[in-house]
Amino acid sequence: PTSGLAPRSQFMVAESYYQLSPNAPLDQTYTGYAITEYQYFLRMYGNTEGTLSDSCEMRILELRTKLSQKYLSAGELYLKLESRKSALAFFDRVLNDYYDTTPAIEAQLRIAEIQLERGKLAESEVAITKFDDKYLGKATQQQRERAKKIKQFLALK
């Protein structure tokens with residue numbers, strides 16, 4: 001552990017798990033391992049290894065985005081199966097665990113849409129307000145249009 005090669009070795013352990021990490025729909029065990037190893041690297045060597053630390057942070061965000069995409073896809077699947085409560089649980093997980101990723105934008109919007117479909121106007125309004133506050137600046141034009149329709153519908157009620 002005191003060797004000058006230890007930081008690079010730790011980074012390569014994380015990189016190995018990163019390479020084993022499959023596409024989002026598949027089992028994400030190695031993705032979790034990779035995140036853990038990158039975080040360990042940052043804790044142990046983050047202050048001394050600038051370029052590798054930056055790479056670790058980028059990889060962690062990429063892997064977290066992959067995990068959030070997996071849960072977002074699961075929520076979408078439950079929507080197709082018409083199980084709204086299960087879909088909401090997966091979308092909530094995206095927001096709670098992966099709030100800093102791109103799929104969180106879609107998850108927040110989906111929650112507003114589902115609550116509106118369920119006739120839960122207050123919950124839909126809370127969700128669309130959170131969307132505006134947290135994600136509107138990062139949302140795509142299509143997502144903004146969907147949010148606008150929800151707000152217009154809520155204004156009529």
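Analyst: The account below begins with the basis of the values and then turns to the salt bridges and their surroundings. The model is predicted, so that local features need pLDDT of at least 70 and side-chain atom pairs count only at pLDDT 80 or more, while totals for chains, interfaces and linings use all residues. Residues are numbered from 1 along each chain as its sequence is written, and side-chain values use heavy atoms, with hydrogens and water left out.

The structure holds 11 salt bridges, a salt bridge being a side-chain nitrogen of Lys or Arg within 4 Å of a carboxyl oxygen of Asp or Glu. One of them joins R59 to E15, with the closest N and O atoms 3.0 Å apart. This pair links distant parts of the chain, since R59 belongs to helix 3 and E15 to helix 1, 44 residues apart. Helices here are DSSP runs of H or I with at least four residues, numbered from the N terminus. E15 is buried at 12% relative accessibility, whereas R59 is partly exposed at 23%. Buried means under 20% relative accessible area, exposed over 50%, and partly exposed in between, with a 1.4 Å probe and protein chains only.

R59 also forms a salt bridge with E62, at 3.9 Å from N to O. Both residues lie in helix 3, three residues apart, about one turn of the helix. An α-helix has 3.6 residues a turn, so residues three or four places apart point the same way. E62 is partly exposed, with 38% relative accessibility.

Another salt bridge connects R146 and E113, at 2.8 Å from N to O. Because R146 lies in helix 7 and E113 in helix 5, the pair ties together parts that are 33 residues apart in sequence. R146 counts as buried at 19% relative accessibility, and E113 is likewise buried, at 14%. R146 and E113 belong to a network of salt bridges that also includes E76, E106 and R110.

In helix 1, E15 is among the buried residues, together with A6, P7, Q10, F11, A14 and Y18. The cover over the buried residues of helix 1 includes helix 2 and helix 3. Y38 touches both E15 and R59, as well as F11, A14, Y18, C56, I60 and L63, not counting residues up to four places away in sequence; contact means heavy atoms within 4.5 Å.

Note on methods
Helix = DSSP H or I, 4+ residues; strand = E, 2+ residues; numbered from the N terminus.
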